Amino acid sequence: MTVSQDRAPQDEGEPKGDMGAADGVHEYFVVNVTTGPLDGKVQWEGGGGTRELDVSGLQPGKTSALKDFDPQSGSKDWWKWDQRGRWYQLNCYGGDRYVAVVITNYGISVIPTATSPDSWKW
């Protein structure tokens, strides 16, 4: 069993299943709901790939630009805000076109969705 100090054991629980019908592009973005500007980077890891989005200076109540990522069937998806230093698992599937990574004063939440953030009313 592979265990990291900042990540749950990777072979625990059920493996990630088939992605299902995917339309190709998956993107994530960060929403800052803290009381101050953010520092650091938000990272995704899965299926042998990694992506990193610099959120330094992102003001409260604002969202970052979109960043592409490539989830794969059978590979768990991991998310991290480097200012908290811990990886969180939340798997994405074919219909999960976008992922909102919400950063609060208490940590992060990862929310997959099929709806574009352009259609949301902030």
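Leaving aside neighbours within four places in sequence, V30 is in contact (heavy atoms within 4.5 Å) with L38, V42, L53, V55, L58, K62, T63, S64, V101 and I103. The structure is a predicted model, in which local features need pLDDT of at least 70 and side-chain atom pairs count only at pLDDT 80 or more, while totals for chains, interfaces and linings use all residues. Residues are numbered from 1 along each chain as its sequence is written, and side-chain values use heavy atoms, with hydrogens and water left out.

**Overall make-up**

- The secondary structure comes to 0 helices and 8 strands, where helices (H or I, at least four residues) and strands (E, at least two) are DSSP runs numbered from the N terminus.
- Read along the sequence, the pattern of the protein is β-β-β-β-β-β-β-β.
- Of the 122 residues, 40% count as buried; buried means under 20% relative accessible area, exposed means over 50%, and partly exposed lies in between, with a 1.4 Å probe and protein chains only.
- Among the contacts with a separation of 6 or more, 58% come from residues 24 or more positions apart.

**The open sheet**

- An open sheet is formed by 4 strands in the order β4-β1-β7-β8, and the pairing is mixed; two strands pair if DSSP finds at least two bridges between them.
- The edge strands, each pairing on one side only, are β4 (67-69) and β8 (107-113).
- On average, neighbouring strands of this sheet are turned by 30 degrees against each other, direction ignored; the axes are lines fitted to C-alpha atoms, for helices over the stretch in contact, and angles run from 0 to 180 degrees between N-to-C directions.
- Strands of a sheet pair through backbone hydrogen bonds, and they do so either parallel or antiparallel.
- Strand β1 (residues 26-32) is joined to β4 by 3 bridges, and the two run antiparallel.
- The bridge partner of E27 in β4 is D68.

**The nonpolar cores**

- The largest nonpolar core has 17 residues, and those with the most contacts inside it are Y28, V30, V42, V55, W79, V99 and V101; such a core is a set of buried Ala, Val, Leu, Ile, Met, Phe, Trp, Tyr and Cys residues joined through side-chain atoms within 4.5 Å.
- At least two residues of this core come from each of β1, β2 (41-46), β5 (78-81), β7 (98-104) and β8.
- Strand β7 gives the most to this core, with 3 residues.
- Another core, of 5 residues, lies apart from the largest one and includes F29, V31, Y98 and A100.

**Salt bridges**

- The structure holds 3 salt bridges, each being a side-chain nitrogen of Lys or Arg within 4 Å of a carboxyl oxygen of Asp or Glu.
- One of them joins the side chains of E27 and R97 (2.9 Å, N to O), and this pair links distant parts of the chain, since E27 lies in strand β1 and R97 in the loop between β6 (88-89) and β7, 70 residues apart.
- Both E27 and R97 are buried.
- The side chains of E52 and K41 also meet in a salt bridge (3.8 Å, N to O), which links strand β3 (residues 49-54), where E52 lies, to strand β2, where K41 lies, 11 residues apart.
- E52 is partly exposed, with a relative accessible area of 39%, and K41 is partly exposed too, with a relative accessible area of 31%.
- A further salt bridge joins the side chains of D68 and R51 (3.6 Å, N to O); D68 lies in strand β4 and R51 in strand β3, so the pair ties together parts that are 17 residues apart in sequence.
- D68 counts as partly exposed because its relative accessibility is 38%, and R51 counts as partly exposed because its relative accessibility is 27%.

**Aromatic pairs**

- The structure holds 4 aromatic pairs; rings of Phe, Tyr and Trp (its six-membered ring) pair if their centres lie within 6.5 Å, and planes under 30 degrees apart count as stacked, over 60 as edge-to-face and the rest as tilted.
- W44 and F69 form a tilted pair, with 5.2 Å centre to centre and 55 degrees between the planes, and this pair links W44 in strand β2 to F69 in strand β4, 25 residues apart.
- F69 and W79 form an edge-to-face pair, with 5.3 Å centre to centre and 75 degrees between the planes; F69 lies in strand β4 and W79 in strand β5, so the pair ties together parts that are 10 residues apart in sequence.
- W44 and F69 are buried, and W79 is buried as well.
- One aromatic cluster is formed by Y28, W44, F69 and W79.
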